[in-house]
Amino acid sequence: MRTRPGSRPPGEGSGPSARAAGLPPPAERGATVIPDRVVARIAAQAARTAQSRRAALPPGPSGPAAPSASAAVRSGSVRLHLTMELPYPTDIPHVCERIQRDVAERVAHLTGLRVGEVTLTVRRLVAASGAYRGRVL
């Protein structure tokens, strides 16, 4: 292959290479580790957002208790467990599925981890309107 004088062959960037800069190969540089508790906090916040969007429960002091989350990170993958309140009446399976999907997408986007499983436990149902407003069922 012919090149013009002063140009670099294909595959060589204009900046110094990693070897010239004294850096070890990428595989030997290490890895970023996100602790389980950090992933759990991200998941809890994502669950709070999804809860207000999907279950029509507004966040706030008079609203439902904040969702809780736990996470187990292993080999670049995470399993999440969420616990939250939902309004009554609601289509529980549909709302839970949407919340699980929203949380999985948000956690994957923010952490770069693959979300393998999201389990959701409904702590209680909260009457959302009418004469039952504020009562727990």
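Predicted model: local features only at pLDDT ≥ 70, side-chain atom pairs only at ≥ 80, totals over all residues.
Let's start in the sheet, where β2 and β3 run parallel to each other and pair over twelve bridges. Strands count as paired here if DSSP finds at least two bridges between them, and the elements themselves are DSSP runs numbered from the N terminus, with helices being H or I over at least four residues and strands being E over at least two.

Residues are numbered from 1 along each chain as its sequence is written, and side-chain values use heavy atoms, with hydrogens and water left out.

Now step back to the whole sheet. It is open and has three strands, in the order β1-β2-β3, with mixed pairing. Because β1 and β3 stand at the edges with a single partner strand each, one side of each has no neighbour in the sheet. From one strand to the next, the twist averages 15°.

Two helices come next. Helix α1 lies across β1 and β2, and runs at about 135° to β1. Helix α2 also packs on the sheet, touching β2 and β3, and its direction makes about 135° with that of β3. For these angles, axes are lines fitted to C-alpha atoms, for helices over the stretch in contact, and the values run from 0 to 180 degrees between N-to-C directions.

Buried means under 20% relative accessible area, exposed means over 50%, and partly exposed lies in between (1.4 Å probe, protein chains only). Take Val-107 as a guide: leaving aside neighbours within four places in sequence, Val-107 is in contact (heavy atoms within 4.5 Å) with Val-39, Ile-42, Ala-43, Val-78, Leu-80, Gly-112 and Val-115.

Finally, look at the charged side chains. There are six salt bridges, each requiring a side-chain nitrogen of Lys or Arg within 4 Å of a carboxyl oxygen of Asp or Glu. In one of them, Asp-36 meets Arg-74 with the closest N and O atoms 3.8 Å apart. This pair links helix α1 to strand β1 across 38 residues. Asp-36 is partly exposed at 28% relative accessible area, and Arg-74 is exposed at 56%.

A network of salt bridges links Arg-53, Arg-54 and Asp-102. The N to O distance is 3.9 Å between Asp-102 and Arg-53, and 2.6 Å between Asp-102 and Arg-54. Asp-102 lies in helix α2 and Arg-54 in helix α1, so their pairing ties together parts 48 residues apart in sequence. Asp-102 counts as buried at 14%, whereas Arg-53 is exposed at 55% and Arg-54 is partly exposed at 25%.
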